[in-house]
Amino acid sequence: MICATVKQGVDCFFMGKNGCQFNGGSCHAIIEKCTGCQKAKQFSSGTYCLMFPEPSVKWRSGTCNMATHIVKAPAKETPKVNPLKASKRASR
Ligand code: SF4
């Protein structure tokens with residue numbers, strides 16, 4: 001249903017006939033760590049995330065997995081080692 005509280009005009013899962021069903025009755029504004037993310041959108045009531053109703057929860061246990069402004073460092077490739085061959089090599 002279309003949001004009629006803080007993110008007006010946005011189709012939202014939590015919006016119902018009786019209003020917003022999310023904890024607290026509306027979405028929570030973005031936090032400082034969200035600054036620069038393309039999912040954050042300015043509304044007349046403030047800046048809110050288009051993906052999550054409570055952005056602080058997404059940052060509680062690390063980096064938000066949907067953040068567009070965080071560039072992940074490529075994982076270093078470690079050479080694959082066959083444990084059997086490594087064991088034989090070590091015994092020599
Ligand atoms: S997607 Fe993550 S980082 Fe971006 S605004 Fe939403 S909660 Fe913040």
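User: Two strands pair if DSSP finds at least two bridges between them. In this predicted model, which residue in S4 is the bridge partner of Lys-41?
Analyst: Strand S3 covers residues 40-43 and is joined to S4 by four bridges. Strand S4 covers residues 46-49. For Lys-41, the bridge partner in S4 is Tyr-48.

User: Which residue in S4 is the bridge partner of Gln-42?
Analyst: S3 and S4 run antiparallel. A hairpin of two residues connects S3 to S4. Across from Gln-42, the bridge partner in S4 is Thr-47.

User: How many residues make up the largest nonpolar core?
Analyst: In soluble globular proteins, nonpolar side chains tend to be buried together. Here the largest nonpolar core holds Cys-34, Cys-49, Phe-52, Trp-59, Cys-64 and Ala-67. Apart from that core lies another of five residues, with Val-6, Val-10, Phe-43 and Tyr-48 among them. The number of residues in the largest core is six.

User: Which residues does Cys-49 contact, leaving aside its neighbours within four places in sequence?
Analyst: Cys-49 is a member of the largest nonpolar core. Once neighbours within four places in sequence are set aside, its contacts are Lys-7, Ile-30, Lys-39, Ala-40 and Pro-55.

User: Is Leu-50 buried, partly exposed or exposed?
Analyst: Leu-50 sits in the loop between S4 and helix H1 (55-58). Together with Met-51 and Met-66, Leu-50 forms a nonpolar patch on the surface, with about 230 Å² of accessible area together. Buried means under 20% relative accessible area and exposed means over 50%. Because the relative accessibility of Leu-50 is 38%, this residue counts as partly exposed.

User: Is Pro-53 buried or exposed?
Analyst: Pro-53 is also placed in the loop between S4 and H1. Leaving aside neighbours within four places in sequence, Pro-53 is in contact with Phe-14, Phe-22, Cys-27 and His-28. Its relative accessibility is 14%, and therefore Pro-53 counts as buried.

User: How many Å apart in space are Pro-53 and Ile-30, C-alpha to C-alpha?
Analyst: In sequence, Pro-53 and Ile-30 are 23 residues apart. In space, C-alpha to C-alpha, the separation is 8.9 Å.

User: What is the relative accessible area of Thr-5?
Analyst: Thr-5 belongs to the segment before strand S1 (15-16). Not counting residues up to four places away in sequence, Thr-5 touches Met-15, Cys-20, Gly-25 and Ser-26. Thr-5 is partly exposed, with a relative accessible area of 28%.

User: Is Cys-3 buried or exposed?
Analyst: Cys-3 is likewise placed in the segment before S1. Not counting residues up to four places away in sequence, Cys-3 touches Gln-8, Gly-9, Val-10 and Met-15. With a relative accessible area of 7%, Cys-3 is therefore buried.

User: How many Å apart in space are Cys-3 and Ser-45, C-alpha to C-alpha?
Analyst: Along the sequence, Cys-3 and Ser-45 are 42 residues apart. Their separation in space, C-alpha to C-alpha, is 12 Å.

Terms used: Residues are numbered from 1 along each chain as its sequence is written. This is a predicted model: local features need pLDDT of at least 70, side-chain atom pairs count only at pLDDT 80 or more; totals for chains, interfaces and linings use all residues. Side-chain values use heavy atoms; hydrogens and water are left out. A nonpolar core is a set of buried Ala, Val, Leu, Ile, Met, Phe, Trp, Tyr and Cys residues joined through side-chain atoms within 4.5 Å. Buried means under 20% relative accessible area, exposed over 50%, partly exposed in between (1.4 Å probe, protein chains only). Contact means heavy atoms within 4.5 Å. Patches are made of residues with over 30% relative accessible area and no salt bridge: like charges are joined within 9 Å, nonpolar side chains (Val, Leu, Ile, Met, Phe, Trp, Tyr) within 5 Å. Accessible areas come from the Shrake-Rupley method with a 1.4 Å probe; for residues, only the protein chains shown count as cover. A salt bridge is a side-chain nitrogen of Lys or Arg within 4 Å of a carboxyl oxygen of Asp or Glu.
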